[in-house]
Amino acid sequence: YNTAVKNNWAGGPAIYIDNSKNWNFKNIAIYNNIFARHNIGIHIKGNRILNIDIKNNAFINIKNADVQAVGNIITVQNNIKYSPERADWTL
């Protein structure tokens, strides 16, 4: 558990996947995690990314975006969010 929002060269995500080489990334599953006090919970960017499944996660006090993802067929389900500052999901 982080006691303060973390920041790094990638903008402070808990999970960062960058397909800048244009390889074939497919069937990415992100299940059963707790993301607490990050700028971004999950950040996925690049080309040729297929089938991202984000399920059963908790996003707690995420500063900027819960999920930032670029890809083909992104499924987001059964996640929970808590933030006293804003109630909207940021996808």
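**Reading the strands**

Tutor: Along the sequence, the chain of this predicted model follows the pattern β-β-β-β-β-β-β-β-β. It has nine strands and zero helices.

Student: How many residues does the chain have, and what percentage of them is buried?

Tutor: There are 91 residues in the chain, and buried ones make up 35% of them.

Student: Which strands are joined to β4 by bridges, and how do they run?

Tutor: Strand β1, residues 13-19, is joined to β4 by six bridges, and the two run parallel. On this pairing, I15 stands opposite I42 in β4. Strand β7, residues 65-69, is joined to β4 by four bridges, and this pair also runs parallel. Here H43 stands opposite Q68 in β7.

Student: Why is β4 described as largely enclosed?

Tutor: Strand β4 covers residues 40-46, and five of its seven residues are buried, so the rest of the structure largely encloses it.

Student: How should I think about side chains in a strand?

Tutor: In a regular strand, side chains alternate between the two faces of the sheet.

Student: Now S83: where is it, and is it buried or exposed?

Tutor: S83 lies in the segment after β9, which spans 80-82. Buried means under 20% relative accessible area. S83 has 15% relative accessibility, so it counts as buried.

Student: How far is S83 from A36 in sequence and in space?

Tutor: They are 47 residues apart in sequence, while their C-alpha atoms are 9.9 Å apart in space. For the chain's contacts between residues at least 6 apart in sequence, 54% join residues at least 24 apart.

Terms used: Residues are numbered from 1 along each chain as its sequence is written. This is a predicted model: local features need pLDDT of at least 70, side-chain atom pairs count only at pLDDT 80 or more; totals for chains, interfaces and linings use all residues. Side-chain values use heavy atoms; hydrogens and water are left out. Buried means under 20% relative accessible area, exposed over 50%, partly exposed in between (1.4 Å probe, protein chains only). Two strands pair if DSSP finds at least two bridges between them. Contact means heavy atoms within 4.5 Å.
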